[in-house]
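Colleague: Hey, I'm new to this one. Can you walk me through what's in it?

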Amino acid sequence: MNAPKKILCIGAGYVGTPTMAVIARHCPQHRITVVDINAEKIAQWNSDSLPIFEPGLEEIVKAVRGKNLFFSTDIPPAIREADIIFVSVNTPTKQFGAGAGMAADLQYWEKTARQILEHSKSSKIIVEKSTLPVKTAQAMERILDAAETPIRFDVLSNPEFLAEGTAIEDLEHPDRVLIGSQETSEGLAARDRLVALYENWVPRERIITSNIWSSELSKLVANAFLAQRISSINAVSALCEKTGADVTEVALAVGTDHRVGRHFLNASVGFGGSCFKKDILNLVYICRHYGLHEAADYWNGVLRINEYQTERFVLNMLGSMHNTLSDKQIALFGFAFKANTGDTRESPAILVARRLLEEKARIVITDPKALENARKDLAGLSGRIRFENDPYTAAAGADAIAVLTEWDVYRGLDYARILAAMNKPAFIFDGRNILDHPALHRLGFNVYAVGKAPLTRFG
Ligand code: NAD
Ligand code: UGA
């Protein structure tokens with residue numbers, strides 16, 4: 001089962017590389033290659049300055065790179081030699097033609113399938129690691145079987161559930177690994193080979209097997225459920241602000257019921273990240289495709305509440321600051337879509353920044369890891385934008401601070417020092433509910449948190 005194998009991963013992104021690095025660490029007997037069409041990214045993976053920040057990743061990459069983990073742009077020979085190929089290319093929302101703005105754009109995935117077919121000289125297991133619409137494996141098999149060669153391709157679905165910022169921990173100790181296969185003898189044999197690979201470090205009872213369509217659909221549904229919890233608590237936060245209830249207390253009271261659970265009930269400025277929105281849009285699209293419009297509307301509501309929440313946050317800022325932000329300086333504490341990553345894809349901070357600029361505010365952005373991406377996200381927007389590494393410098397001269405990412409560093413700042421350097425009255429809008437609001441209020445801030453009564457200094 002565990003004879004040395006050549007494993008290839010196509011796509012050296014947030015999922016492909018961390019996953020392969022962890023496999024390489026636990027399977028020294030296997031040789032693992034990660035390829036990408038982006039030569040700059042591959043050069044970075046081969047350098048001391050990795051293209052993404054993910055806690056614990058650098059240490060593993062440096063330990064296994066050049067031993068049994070290799071990065072390359074030379075895709076054809078890598079395909080030829082591989083026994084198992086993971087496909088981990090991006091599957092963004094389609095921006096053109098039929099399904100634009102909703103369906104998954106499968107062009108990168110399909111190009112990969114065709115490349116595998118073109119360069120293969122022996123039979124292989126193909127593993128869908130990317131998040132794909134249910135029934136994609138069928139399309140994959142049709143492409144791979146089109147050439148009528150004696151080469152056999154067994155397609156498996158093995159979606160990834162890691163979250164950014166905790167990717168290595170999630171890969172090392174997954175809640176579950178899901179492997180879907182065709183229920184033929186060949187499909188089940190291929191499945192067992194992938195199970196054996198994971199068994200190198202994942203307990204067998206955590207490896208779930210299923211039919212291939214269940215596996216593909218489960219990935220979309222898992223993200224939809226997680227996002228649905230956030231939208232549920234965010235919808236409740238709006239009601240808390242009107243009624244004097246406190247969303248943290250409500251979340252605790254509800255989440256301590258073990259049938260509900262405490263996780264993913266933190267009210268916020270809105271969820272971001274590259275996947276929740278695109279995967280729910282895809283789920284909505286698939287439901288509509290099958291004529292299931294009520295189901296589609298249900299999941300679409302999760303996205304509508306998320307947009308409402310971010311917009312509500314901005315309107316709260318505007319309303320609290322006397323209905324004008326014109327020429328006011330606002331420090332954005334955090335730009336990444338969550339803590340412990342430099343990733344800003346679909347970050348609510350992008351929308352907040354854009355809306356504040358429309359109100360003619362001057363914005364100063366600070367973030368420990370995401371300033372480079374923030375610059376790219378806001379390039380082309382007109383308005384006054386500054387980027388600062390140091391939160392104290394970012395807040396100096398500001399009228400307000402908006403906390404948009406739950407970085408630990410923002411909890412421990414000297415807010416008396418910050419307040420002293422701000423314009424008065426000074427406002428703080430905690431879009432992540434991470435600060436000590438009564439303490440900030442005592443210092444002299446007007447404090448607005450999500451789903452809580454404001455603590456103001458006004459009579
Ligand atoms: P990414 O954009 O970080 O990486 C994808 C990589 O694939 C890019 O570097 C791109 O250049 C490369 N690529 C595209 N076409 C290629 C081709 N033909 N040949 C070789 N390389 C090619 O994306 P990601 O965040 O790693 O996501 C990959 C997939 O995993 C998506 O389907 C996503 O939904 C899913 N996923 C992502 C996460 C996450 O936390 N980011 C978690 C679980 C699942
Ligand atoms: C999410 C899922 O958690 C992963 O299981 C999945 O593999 C991944 O999407 C994917 O398919 O890409 P990720 O987007 O990296 O992972 O991060 P999350 O921790 O899920 O956070 C997503 C967003 O929700 C962040 O903006 C976060 O701040 C926000 N969030 C999270 C809240 O607003 N409240 C919460 O209680 C939890």
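This is a predicted model: local features need pLDDT of at least 70, side-chain atom pairs count only at pLDDT 80 or more; totals for chains, interfaces and linings use all residues.

Colleague: Okay, ligand 1 to start. Which residues come nearest to ligand 1?

Modeller: There are 26 residues around ligand 1, and the nearest are D36, K41, T91, T131 and K278.

Colleague: What does the side chain of T91 do there?

Modeller: One of its polar side-chain atoms sits 2.6 Å from an oxygen atom of ligand 1. K278 also uses its side chain: an N or O atom there is 2.6 Å from an oxygen atom of ligand 1. With T131 the contact goes through the backbone instead, where a polar atom is 2.9 Å from an oxygen atom of ligand 1.

Colleague: And how much of ligand 1 does the protein cover?

Modeller: On its own, ligand 1 has 840 Å² of accessible area, and the protein covers 92% of that.

Colleague: Now ligand 2. Which residues come nearest to ligand 2?

Modeller: F161, L162, S268, F337 and R432, out of 21 residues around ligand 2.

Colleague: Where does R432 meet ligand 2?

Modeller: Through its side chain: an N or O atom of R432 lies 2.7 Å from an oxygen atom of ligand 2. The side chain of K219 has an N or O atom 2.8 Å from an oxygen atom of ligand 2.

Colleague: How much of ligand 2 does the protein bury?

Modeller: It buries 90% of the 700 Å² that ligand 2 exposes when taken alone.

Colleague: Which helix gives the largest share of the shell around ligand 2?

Modeller: That's helix α9, residues 212-243, which supplies four residues of the shell. By class, the shell around ligand 2 has 11 nonpolar, four polar and six charged residues.

Colleague: Let's stay with α9. How do α9 and α12 cross?

Modeller: Helix α12 covers residues 293-320, and its axis comes within 9 Å of the α9 axis, crossing at roughly 45°. That angle makes α9 oblique to α12. The crossing of these two, α9 and α12, is left-handed.

Colleague: And what about α9 with α10, is that crossing left-handed or right-handed?

Modeller: Right-handed for α9 and α10. Helix α10 is residues 247-255, and the axes of α9 and α10 come within 9 Å and cross at roughly 135°. So α9 and α10 are oblique to each other.

Colleague: Got it. At what angle do α1 and α3 pack?

Modeller: About 55°, with their axes 9 Å apart; α1 is residues 16-26 and α3 is residues 57-64. That's why α1 and α3 count as oblique to each other. The crossing of α1 and α3 is left-handed.

Colleague: Then K135. What is the phi of K135?

Modeller: It's near 95°, a positive value in a residue other than glycine.

Colleague: Why bring up either of those two features?

Modeller: Because most residues other than glycine have a negative phi, and most peptide bonds are trans.

Definitions and conventions
Residues are numbered from 1 along each chain as its sequence is written. Chains are lettered from A and ligands numbered from 1 in the order in which they are written. Side-chain values use heavy atoms; hydrogens and water are left out. A residue is near a molecule or strand if one of its heavy atoms lies within 4 Å of it. A polar contact is a pair of N or O atoms within 3.5 Å; within protein, one must be able to donate a hydrogen and the other to accept it, and residues adjacent in sequence count only if both atoms are side-chain atoms. Accessible areas come from the Shrake-Rupley method with a 1.4 Å probe; for residues, only the protein chains shown count as cover. Axes are lines fitted to C-alpha atoms, for helices over the stretch in contact, and angles run from 0 to 180 degrees between N-to-C directions. Angles under 35 degrees count as roughly parallel, over 145 as roughly antiparallel, 65 to 115 as roughly perpendicular and the rest as oblique. A crossing is left-handed if the near helix is turned anticlockwise from the far one by less than a right angle, and right-handed if clockwise. Ala, Val, Leu, Ile, Met, Phe, Trp, Tyr, Cys and Pro count as nonpolar, Asp, Glu, Lys and Arg as charged, and the others, Gly among them, as polar.
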